[in-house]
Amino acid sequence: MSSKNNRVWGIITVVFFCAAGSLLAQAEEGLHWEDLPSLPDSGYRGMSAGSSHGVWIAFGGEGHSAVSDRIYTLHPDRQAWQLEELRLPEPLAHALAVEFEDRIVVVGGTNGERPVDTVFSLKWKADELVIESLPALPVPLEGSAGARVGNELLVAGGSTGPDSQSLRQFLAFNLKSNEWTELDPWPGPGRAFAVSAVNDKAFLLFGGINSDDEPGILADGYRFSPDYQDGILTGGSWEQLAESPVAFAAAPSPAPRLGLDHFLILGGFQGPEFSRENLLERLYSYKAGSDQWVELGIADKTRLVAMAPVLAEGRRYSVIGGSDNADEFLDRVSTVFQPALHFGGLNWLAVMLYLGAVIVLGFWFSLRGQTTKDFFKAGERIPWWAAGISIYGTQLSGITFIALPPLVFAYDLRLVVGSLMIIAVAPLVIHFYLPFFRRLNVTSAYEYFEHRFDVNIRLFGSFTFIAMQLARTGVMLYLPALAISAVTGINIYTLILIMGVVSIVYTVLGGIEAVIWTDLLQVLVLLGGGMLCIGYVFLNTDGGALTVFQSGMADGKFKVLHGGWTPTEMVWWVALVGFFFINLMPYTSEQTVVQRYLTVKDERAAAKSIWTNGVMVIPAILIFQGLGIALYVFYKENPVILPAPEMREIVPYFVVHKLPVGIAGLVIAGLFAASMSSIDSNMNSVSTAFTTDVIKRFRPEHADEWFLRRARWLTIFVGVFGTVSAMGVAWLDVQFLFELSIQIVSIIGSSLAGIFVLGIFTRRANARGTAVGIVASVATTLSVWQFTQISLYLYATVGVVTCVSIGYLASLLVGKGKNLDGLTYRTLNVKR
């Protein structure tokens with residue numbers, strides 16, 4: 001690349017960084033309240049509310065004179081509530097309402113004279129409200145608690161009248177089939193005006209009033225874990241939870257979920273009389289992860305109410321109307337939320353300096369080589385230790401660093417087996433695979449397929465790999481950007497654009513050499529950042545490391561292998577077998593890893609690099625998985641609200657909130673780099689595969705400079721494709737489709753490892769038989785995925801074993817292969 005082009009890239013980069021820095025969003029930590037437009041009338045308690053197509057709908061409730069049948073709407077501009085002409089079928093208060101597929105399902109309530117069994121739905125459609133009747137309740141109910149879990153609306157308790165007893169009744173309404181089912185109730189007393197919540201597909205029930213007991217207000221809580229068969233709710237199990245510090249009833253419900261697993265109690269009455277004197281004065285939360293209650297302090301009493309619905313919109317929860325006294329009816333609408341943390345100028349400066357250093361590396365290496373051998377293989381001048389760390393780095397994506405500690409936080413060390421299987425795979429790669437990659441002097445791993453089989457198998461391998469990387473690149477940008485954006489306030493599109501542009505610049509300029517050295521830098525920063533986080537936990541936990549170890553052991557966080565034989569769960573043999581084949585795939589058949597074997601001077605150095613990658617696993621286990629245990633114990637000992645409703649946000653939140661300013665920015669920059677490390681490898685390896693297996697294979701007459709130009713343009717294309725697709729996922733919110741495409745392509749990709757096994761370890765396998773094995777592998781693995789409950793950790797095993805077994809048998813039936821001198825393990829030393 002010419003010096004003029006280098007200067008152009010430099011100007012673009014400087015302008016880009018200046019623009020990106022101006023887009024940084026800032027916010028404070030803490031629990032914040034915000035007032036929205038008040039209800040038009042003098043106020044209501046016992047209203048119901050929900051959202052349909054972005055329009056808030058609040059309806060019914062007790063007013064000063066009577067129970068209301070009015071419906072109010074608040075449109076997305078949130079300017080003012082409007083009274084709708086349409087009225088409810090009858091006056092209604094204390095009804096249960098849940099959202100499902102852009103409609104609000106309303107259950108029971110009272111018309112002021114008696115409870116009702118009415119069930120109907122409200123929907124905003126074509127600028128008007130539509131009411132649709134649904135099957136009635138088995139019995140009339142008011143004051144029930146409930147929530148939606150999947151397709152089921154769960155309804156707990158309630159009463160059948162002002163003077164009747166509180167019911168110990170638990171019902172389920174299937175929102176697809178519109179059928180009612182009675183389930184076994186919780187093991188405690190009956191109740192009405194309890195608080196509900198949903199956590200990790202389980203239904204939570206807190207407090208309430210029991211008309212048979214003195215004093216009548218309850219402090220117990222229960223968790224219902226549903227059981228399903230063929231997707232149909234068949235029952236479930238109840239578990240009693242820790243009692244709350246105070247008894248309460250009629251608190252706003254469902255309880256707002258803040259952070260990862262805190263559920264707020266925003267008021268309610270703590271005495272048998274619903275009076276201002278009995279209104280809760282303190283703010284409490286239930287921490288589901290550790291089954292404990294947390295007192296958050298004395299709250300602003302004007303914010304704590306009773307008999308009010310809670311309407312959720314993203315991470316903001318609005319309490320509509322309600323009461324703070326027996327004769328008070330409120331028109332206030334208040335929103336509670338936790339804004340993103342203040343990232344800070346010094347942190348942002350650290351990010352910019354780090355990313356600037358990465359760009360400088362790209363410029364530096366662009367001056368060292370101007371051939372395809374430099375661009376694809378770094379001129380074979382990479383030290384073995386750097387190549388080994390880079391092999392580890394390319395597998396360590398931002399998703400890994402963000403997702404792995406939370407998985408340990410939530411479960412245990414079961415994923416350690418996956419890391420240890422890298423060490424088990426290493427000697428196989430060195431002794432059986434590496435010699436072919438080095439002695440055949442390939443640039444693309446799939447060149448071996450043409451030597452061993454034919455050009456069609458080579459093209460299948462190359463195109464399958466390219467499809468896998470194109471599908472992965474966007475999600476490798478999107479998911480880390482989503483987590484970082486959530487805890488820093490930085491605009492997600494800005495994050496995606498920064499990572500995409502910077503990756504494109506240094507990869508286009510420096511090729512694989514820039515990729516490898518930035519991998520090295522990224523691994524060191526992330527390992528250092530993980531150590532800093534663990535150190536902070538040790539220093540800020542009573543008892544330090546010993547407490548972390550003892551508490552983790554007591555709660556089963558150090559468990560690695562799980563007993564059992566079922567293939568549907570990650571029991572010991574599923575972990576061992578599954579992770580062996582999962583690791584066999586990238587280390588033997590993916591260009592992103594194999595290409596590193598080719599950047600060192602000889603086969604011996606490549607073997608050292610593979611062992612270096614294996615050695616890196618040990619400190620990585622101690623740091624990244626150890627961080628999961630450390631964070632679990634830290635937040636168990638310090639049960640503050642984690643403003644991170646997704647597990648993937650725990651690590652970025654901890655980094656920004658707990659590490660020193662500047663250091664936090666450097667670690668966040670490391671998260672940027674971890675994501676870029678994966679996509680830069682994708683860009684360069686896809687460019688290498690397509691240039692080598694397609695362009696150079698079918699247009700060999702051109703000069704090397706011609707191929708280099710096309711390789712760089714391909715690099716840009718892959719980077720732009722990944723950046724745009726990540727932005728598209730963020731904009732359209734179709735992450736599930738993106739992840740589905742990755743699953744399908746990865747299932748197809750398991751056959752690549754099978755082709756290498758057929759080629760290296762058998763002499764009878766031929767091109768036609770291998771093609772049959774590929775088709776069988778893909779069909780079988782897709783069938784297992786769609787029609788069985790087998791653990792996803794076994795998909796790679798199914799794909800590889802099917803490809804090898806069917807491919808070998810088919811080869812026996814369709815004739816002999818070609819000259820195999822130097823192409824199988826047994827003929828390795830025979831000269832061609």
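With which side chain does the side chain of S318 make a polar contact? In this model the partner is the side chain of T335, at 2.7 Å, where a polar contact is a pair of N or O atoms within 3.5 Å, one able to donate a hydrogen and the other to accept it within protein, and with residues adjacent in sequence counted only if both atoms are side-chain atoms. The model is predicted, and for this reason local features need pLDDT of at least 70 and side-chain atom pairs count only at pLDDT 80 or more, while totals for chains, interfaces and linings use all residues. Residues are numbered from 1 along each chain as its sequence is written, and side-chain values use heavy atoms, with hydrogens and water left out.

S318 lies in strand β23, which covers residues 316-320; strands (E, at least two residues) and helices (H or I, at least four) are DSSP runs numbered from the N terminus. With a relative accessibility of 2%, S318 counts as buried, a term that means under 20% relative accessible area with a 1.4 Å probe and protein chains only, as against over 50% for exposed and values in between for partly exposed. When residues up to four places away in sequence are not counted, S318 touches residues including L36, W56, P309 and V333, contact meaning heavy atoms within 4.5 Å.

For the protein as a whole, the secondary structure comes to 19 helices and 24 strands. The radius of gyration is 30 Å, close to the 28 Å that the globule rule gives for 832 residues, so the protein is as compact as a globular protein of that length; the radius is taken over C-alpha atoms, and the rule is 2.2 Å times the number of residues to the power 0.38. Buried residues make up 60% of the 832 residues.

The largest nonpolar core has 156 residues, among which F437, Y597, F624, L631, F672 and F756 touch the most other members. Such a core is a set of buried Ala, Val, Leu, Ile, Met, Phe, Trp, Tyr and Cys residues joined through side-chain atoms within 4.5 Å. Helix α9 (residues 492-539) gives the most to this core, with 23 residues. Beyond its neighbours within four places in sequence, L631 is in contact with F409, V537, I650, V651 and F654.

Helix α18, formed by residues 767-787, has among its buried residues A767, G773, I774 and W785.
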